[in-house]
Amino acid sequence: MKVRQGVVVAALGIALMGCGVQPTGVIGAGEPASGLTRGMRLYYASASGLRAVPLLDKEVKDLNAVVKLLAVGPVPAEQREGLTSLVGIGGYSVTGSGTRVTVRLDGPYAESGRDQGTGQLVCTLARAQSVLDPKVRTDDVEVTLRPSEGAALGPYRCAEFLNT
């Protein structure tokens, strides 16, 4: 039995050595790969939950502009894919510092806080805060909604609204 195991091990060793691939050093190939995981995204509602859409043609400089873009809704091609915006807020002011984002609303907030419209706000603002402050991870951002009438909602993290 030991002889047979030795033969198998030797045969595997020879096969691995003879595969024809020569060792090489490190080959410089430029910058690391990047893709849709970097940069700004807007989150829209769909029948299957929230979906992130990359914002490719606009540079975002503050959180208020992000909410304005979100409220406009998806472009027609995205609408045909079943995406929509459920964000329906009147006056607002958004501030962010580190991992904290606060949305101050004029008047009451009509949603429950556990709905797709709130998820759109939370996930989009969390992503925007991490883009505006690269030291902040999207998953660490907490968003609080503070209506001028009624109790504050949150803080929420984006993960609470994904795959629900």
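Leaving aside its neighbours within four places in sequence, which residues is Val-143 in contact with? The partners are Val-101, Val-103, Val-122, Leu-125, Ala-126, Leu-153, Gly-154, Pro-155 and Tyr-156, where contact means heavy atoms within 4.5 Å.

The structure is a predicted model, in which local features need pLDDT of at least 70 and side-chain atom pairs count only at pLDDT 80 or more, while totals for chains, interfaces and linings use all residues. Residues are numbered from 1 along each chain as its sequence is written, and side-chain values use heavy atoms, with hydrogens and water left out.

The protein chain holds four helices and six strands. Read from the N terminus, these elements follow the order α-β-β-α-α-β-β-α-β-β. Helices (H or I, at least four residues) and strands (E, at least two) are DSSP runs, numbered from the N terminus. Among contacts between residues at least 6 apart in sequence, 63% join residues at least 24 apart. The chain has 164 residues, and 35% of them count as buried; buried means under 20% relative accessible area, exposed over 50%, and partly exposed in between, with a 1.4 Å probe and protein chains only.

Together with Leu-121 and Leu-125, Val-143 is among the residues with the most contacts inside the largest nonpolar core, which has 33 residues. Such a core is a set of buried Ala, Val, Leu, Ile, Met, Phe, Trp, Tyr and Cys residues joined through side-chain atoms within 4.5 Å. Two or more residues come from each of E1, H2, strand E4 (100-105), helix H4 (116-132), strand E5 (142-147) and strand E6 (153-156). Helix H4 gives the largest share, six residues.

Thr-124 is also placed in helix H4. This residue counts as buried because its relative accessibility is 1%. Not counting residues up to four places away in sequence, Thr-124 touches Met-40, Arg-41, Leu-42, Tyr-43, Val-66, Leu-70 and Gly-119.

Leu-83 lies in the loop between helix H3 (76-80) and strand E3 (92-97). With 3% relative accessibility, Leu-83 counts as buried. Beyond its neighbours within four places in sequence, Leu-83 is in contact with Tyr-44, Ala-45, Ser-46, Arg-51, Val-53, Pro-74 and Glu-78. Leu-83 and Ser-48 are 35 residues apart in sequence, yet their C-alpha atoms are 9.8 Å apart in space.

Toward the end of the chain, Pro-155 lies in strand E6. A cis peptide bond, with omega about 10 degrees, joins Gly-154 to Pro-155. Glu-160 is found in the segment after E6, and its relative accessible area of 32% makes Glu-160 partly exposed. Apart from neighbours within four places in sequence, Glu-160 is in contact with Arg-114 and Pro-155.
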